[in-house]
Amino acid sequence: QVQVVETGGGLVQAGGSLRLSCAASGSIFGLMGWYRQAPGSQRELVASIAPGNGGERNYADAVKGRFRISRNDGKNTIYLQMNGLKPEDTAVYYCLARSLPEGNVDKWGQGTQVTVSS
């Protein structure tokens, strides 16, 4: 059974930092990434990373230069280091893990709340 579990959210002041972790299990995973959804808004891509050394990374324009995504393939785990946080980063952050044996089906975590106070 595939499981995707996020940890590391919380409350932080503007300008602060947080590190999110996402551990996936129960399959072989290709692309993994972070999405976020603020109240009243659609879920949007934050960052994604392909497997392997030097796996391609993609970032939303709003987080470039402030957030960094990384990956440990041996642990099926990705991380999101968030620096210079802004109130507009406040959202529920979801982890996505693409399950290869199931035909590239996207599996989602339950989400973790990130709140940035001004």
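The largest nonpolar core of this protein chain has 25 residues, and those with the most contacts inside it are Trp34, Leu80, Met82 and Tyr93. Two or more residues come to this core from each of strand S3 (18-25), strand S4 (29-37), strand S5 (44-49), strand S7 (67-72), strand S8 (77-82), strand S9 (91-99) and strand S11 (112-117). The model is a predicted one.

**Overall architecture**

- The protein chain contains 11 strands and 0 helices.
- With a radius of gyration of 14 Å, close to the 13 Å that the globule rule gives for 118 residues, the protein chain is as compact as a globular protein of that length.
- The C-alpha trace spans about 45 × 30 × 20 Å along its principal axes.
- Among contacts with a separation of 6 or more, 53% are accounted for by residues 24 or more positions apart.

**Burial, surface and charge**

- Of the 118 residues in the protein chain, 39% count as buried.
- The accessible surface amounts to about 6100 Å², and 46% of this surface belongs to carbon and sulfur atoms.
- There are 12 positive and 9 negative side chains, and the centres of these two sets lie 5 Å apart.

**Tyr93 within the core**

- Tyr93 is one of the residues with the most contacts inside the largest nonpolar core.
- Not counting residues up to four places away in sequence, Tyr93 touches Glu6, Leu20, Trp34, Tyr35, Arg36, Val46, Phe67, Leu80, Met82, Gly111, Thr112 and Val114.

- Cys95 is located in strand S9.
- Cys95 counts as buried because its relative accessibility is 0%, and the cut-off for burial is under 20%.
- Leaving aside neighbours within four places in sequence, the contacts of Cys95 include Val4, Glu6, Cys22, Met32, Gly33 and Trp34.
- Further contacts of Cys95 include Ile78, Lys107, Trp108 and Gly109.
- Ser70 is 25 residues from Cys95 along the chain, and the C-alpha atoms of the two are separated by 13 Å.

- Most residues other than glycine have a negative phi.
- Asn76, although not a glycine, has a positive phi of about 50°.
- Asn76 lies in the loop between S7 and S8, and its relative accessible area of 22% makes Asn76 partly exposed.
- Asn104 is likewise not a glycine and has a positive phi of about 60°.
- Asn104 is placed in the loop between S9 and strand S10 (105-108), and its relative accessible area of 47% makes Asn104 partly exposed.

Terms used: Residues are numbered from 1 along each chain as its sequence is written. This is a predicted model: local features need pLDDT of at least 70, side-chain atom pairs count only at pLDDT 80 or more; totals for chains, interfaces and linings use all residues. Side-chain values use heavy atoms; hydrogens and water are left out. Helices (H or I, at least four residues) and strands (E, at least two) are DSSP runs, numbered from the N terminus. The radius of gyration is taken over C-alpha atoms; the globule rule is 2.2 Å times the number of residues to the power 0.38. Buried means under 20% relative accessible area, exposed over 50%, partly exposed in between (1.4 Å probe, protein chains only). Contact means heavy atoms within 4.5 Å. Accessible areas come from the Shrake-Rupley method with a 1.4 Å probe; for residues, only the protein chains shown count as cover. Lys and Arg count as positive and Asp and Glu as negative; His and the chain ends are not counted. The place of a charge is taken as NZ of Lys, CZ of Arg, CG of Asp or CD of Glu. A nonpolar core is a set of buried Ala, Val, Leu, Ile, Met, Phe, Trp, Tyr and Cys residues joined through side-chain atoms within 4.5 Å.
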